[in-house]
Amino acid sequence: TNRGDLLLAVNYFDSLRADAHGVSLQERNVFLDARAHYINAVGYNEQGDVVQTCAEYLKALEVMEEQFEGKELVGKKAQFMTYIYNRLGDMFEEQLLAEPAIACYKQALFYCRRESTSKYGIPVLLYRLGIQYDIVDQKDSTAFYYDEALANMPDFDNIHYRDLMVNKIVFAFYNLDYSTDSIIESLKHYVTLSADEEERTSRLLTLGNILFEAQQYDSSRVYLETIFEQQEDITSKIMAAENLSSIYQMEGD
């Protein structure tokens, strides 16, 4: 609702940075300017404008990198760089562009190692890198980053750990010589650990799809029908419907 005001504010922030005098004032104004472009990018992303989103994130990076030497990008500045690169990585991931997503997540990881954004910052970035390498079918890199994410996980009672373990299980199903029955039992276990309905939906969908791939169609249908009939999330319903339609066709229904 305040898009016009924010666009106007960005111009003022740009001018503040240009007119700054003194080190502390300049640093403050650089941050104001970069944050304005960052917030503007978030708004464009919410509107689905990929080009403008990318342009504003890159402008935020340009503002920071023009005003600070690499060795100065520490502390809160490093955290901010992590946020920008992480957002860029997420945007490329949403567009199914794995290679630029990997490049951005690696840069985010670089700055997060300088100054972590949270206790889960580093393991989550390692986990996201694993996902992207899985997408481009680089199995060794996928396994490496999943293992690194697990090694850096500070505790195991959190959704990041459960997401990671489920992805490791699915990766093992498709790429490693693991017992299908043991993999399915492990996935069922993580369904029971779900903290809320959204997480449970995600786990059921994964389980239903793995059962489908394992040609256990009756069991798969139970989980996929639950998603299709009871959940409101459209993306989940579509994913469930794709395999359900195949099951019904095989049954002549």
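**View 1. Lining of the largest pocket in the predicted model.** In this predicted model, 29 residues line the largest pocket, and those lying nearest its centre are E93, Y127, I131, N167 and S202. The elements that give two or more residues to this lining are α6 (121–135), α8 (159–175), α10 (197–213) and α12 (234–250); helices are DSSP runs (H or I, at least four residues), numbered from the N terminus. A pocket is an open set of points on a 1 Å grid over the protein atoms alone, where a 1.4 Å probe fits, with protein on both sides within 12 Å along at least five of seven lines; lining residues have an atom within 4 Å of a point.

**View 2. Volume and composition of the largest pocket.** The largest pocket holds about 1100 Å³ of space, a volume being the space filled by probe spheres set on grid points joined across faces, edges and corners. Helix α8 contributes the largest share of the lining, 8 residues. By class, the lining comprises 15 nonpolar, 8 polar and 6 charged residues (nonpolar: Ala, Val, Leu, Ile, Met, Phe, Trp, Tyr, Cys and Pro; charged: Asp, Glu, Lys and Arg; polar: the others, Gly among them).

**View 3. The second largest pocket.** The volume of the second largest pocket is about 280 Å³. Its lining has 14 residues, with E198, T201, S202, D233 and S236 closest to the centre. At least two lining residues come from each of α8, α10 and α12, and α10 provides the largest share, 6 residues. This lining divides into 3 nonpolar, 5 polar and 6 charged residues.

**Notes.** Residues are numbered from 1 along each chain as its sequence is written. Local features need pLDDT of at least 70 and side-chain atom pairs count only at pLDDT 80 or more, while totals for chains, interfaces and linings use all residues; side-chain values use heavy atoms, with hydrogens and water left out.
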